[in-house]
Amino acid sequence: MKIEAAERVQKIPPYIFAHIDKLKREARERGVDLVDFGIGDPDLPTPPHIIEALGAGAARPEHHRYPAYEGSLPTRQAAADFYARRFGVALDPKSEVLTLIGSKEGIAHLPLAITNRGDLALVPDPAYPVYATTTRFVDGEVYRFRLDADHEFLPDLDGIPAEVAARAKLIYINYPNNPTGGVATLDDLARIDAFARRHDLIVVSDLAYSEMYFEEAPPPSYLQLPGAKERCIEFYSLSKTYNMTGWRIGFALGNPTLVAALGKIKTNFDSGVFGAVQEAAVAAMSGDQTCVAQMRAIYRERRDLLVAALRRKGLSLRAPKATFYVFAKVPGAIGSMDFTVRLLQEAGIVVTPGIGFGDGGEGFVRFALSVPAERIREAVARLEKFAL
Ligand SMILES: *Cc1c(COP(=O)(O)O)cnc(C)c1O
């Protein structure tokens, strides 16, 4: 039998959300008006000045040819300037910044660049599924470490067995965190860094949500830590900050050896981001940031509406200090998948079961705040009538 998928494809765990997708489809066919908190994708449009830059760039013939795989120098310079302004981090745009076709592209290709067969990666549980799946694609090993609500969803590094820590090659972190909404302070990152130094680990930091925050102090970058560039590759994305998930642009930044390794993989896979999208990204990062403050205000209102309603309903949760996710404890002994199905079928409310992010997510459901306030009010009204 030769007409079949490769083993690595066959080994991909069954898509846990397929069942929910089916129930959603069936409900919609019955005419049910669903309020969908399931999608981690901003519902708001990209700000107009960014769209204008795309239009101007699209007209330039130089962008109609293959773009340089690593991104134009002005684009990488704009990302370096953003890091200098926002985090006080100095980066060499030539050797320490790589343009990506969305940060997921880089995160997913990274194991090809840095992970050998049998290398062990420490991956949070729960987590964005890409880290573990793509590590397994290259026959890397995965050890999941817990993020517990009782520890503010910070890594339980002491819970990692000594022989596992000694054998590990890299650790993935993602703060502000999807799906938990957990935030790490610079002190928290310093504790992770001490662990990484002790075990000589590569640190892969996913910073997709750095600008989606609700506290006075904005979340830090791992690269702010002294000497972080010795071991860290960080992924920054324009997707969530500027409502640009459809545009596909992000960056890998930090350790030049790791950035170069990823760049080498990319030269064999793609030809870089469309030049006009790069120009739009420069406009986004270098332009007026009022749109980002407005985005935060909108999510804050949504967060407060939903958090208050879930609390009135007796659900236990932390109001997220960052990200657009509310990670709520499922009441009673019901599993996260069963609770999700009940919410969908009895209240027309769609959430994501925590189990979809790993065993550590069991007992929780994730609400994405990609729903306008008036629809959240509708969901709240339905929740009031929902029997837990
Ligand atoms: C949304 C998200 C990203 C960003 O993906 P892009 O490919 O840049 O759109 C990365 N990591 C996590 C955890 C995310 O939730």
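## Charged pairs

At 28% relative accessibility, Arg 144 counts as partly exposed; in this report, buried means under 20% relative accessible area, exposed means over 50%, and partly exposed lies in between, with a 1.4 Å probe and protein chains only. The model is predicted, so local features need pLDDT of at least 70 and side-chain atom pairs count only at pLDDT 80 or more, while totals for chains, interfaces and linings use all residues. Residues are numbered from 1 along each chain as its sequence is written, and side-chain values use heavy atoms, with hydrogens and water left out.

Arg 144 forms a salt bridge with Asp 125, their closest N and O atoms being 3.7 Å apart. Asp 125 lies in strand E3 (residues 120-125) and Arg 144 in strand E4 (residues 141-146), so this pair ties together parts that are 19 residues apart in sequence. Helices (H or I, at least four residues) and strands (E, at least two) are DSSP runs, numbered from the N terminus.

A search of the whole structure finds 27 salt bridges, a salt bridge being a side-chain nitrogen of Lys or Arg within 4 Å of a carboxyl oxygen of Asp or Glu. One of them joins Glu 105 to Lys 266, with 2.8 Å between the closest N and O atoms. Glu 105 belongs to helix H5 (residues 103-114) and Lys 266 to helix H9 (residues 256-267), so the pair ties together parts that are 161 residues apart in sequence. Both partners are covered: Glu 105 is buried at a relative accessible area of 13%, and Lys 266 is buried at 0%.

Asp 193 and Arg 197 form a further salt bridge, with closest N and O atoms 3.0 Å apart. These two residues are four residues apart in helix H8 (residues 186-198), and are thus separated by about one helical turn. Asp 193 is buried, with a relative accessible area of 5%, whereas Arg 197 is partly exposed at 33%.

| Glu 105 | Lys 266 | 2.8 Å |

Three strands form an open antiparallel sheet in the order E9-E12-E11. Its edge strands are E9 and E11, each of which pairs on one side only. Two strands pair if DSSP finds at least two bridges between them. Strands of a sheet pair through backbone hydrogen bonds, either parallel or antiparallel.

Strand E9 (residues 325-329) pairs with E12 over five bridges in the antiparallel sense. Within this pairing, Val 326 has Phe 367 of E12 as its bridge partner, and Phe 327 has Arg 366. Strand E11 (residues 352-353) is antiparallel to E12 over two bridges, and Thr 352 stands opposite Arg 366 in E12.

Strand E12 (residues 364-368) is mostly covered, with five of its five residues buried. Phe 364, Arg 366 and Ala 368 point one way from the strand, while Val 365 and Phe 367 point the other way.

Elsewhere, Ala 208 lies in the loop between strand E6 (202-206) and strand E7 (232-237). Ala 208 counts as buried at 8% relative accessibility. The C-alpha atoms of Ala 208 and Phe 364 are separated by 22 Å, and the two residues are 156 residues apart along the chain.

## Surface patches

Patches are made of residues with over 30% relative accessible area and no salt bridge; like charges are joined within 9 Å, and nonpolar side chains (Val, Leu, Ile, Met, Phe, Trp, Tyr) within 5 Å. Accessible areas come from the Shrake-Rupley method with a 1.4 Å probe, and for residues only the protein chains shown count as cover.

Asp 148, Asp 150, Asp 156 and Asp 158 form a negative surface patch. Lys and Arg count as positive and Asp and Glu as negative, while His and the chain ends are not counted. The place of a charge is taken as NZ of Lys, CZ of Arg, CG of Asp or CD of Glu. Asp 158 lies in the loop between E4 and helix H7 (162-167), and is exposed, with a relative accessible area of 78%.

A nonpolar surface patch consists of Val 9, Ile 12 and Phe 137, which together have about 220 Å² of accessible area. Val 9 is found in helix H1 (residues 7-10) and is partly exposed, with a relative accessible area of 44%.
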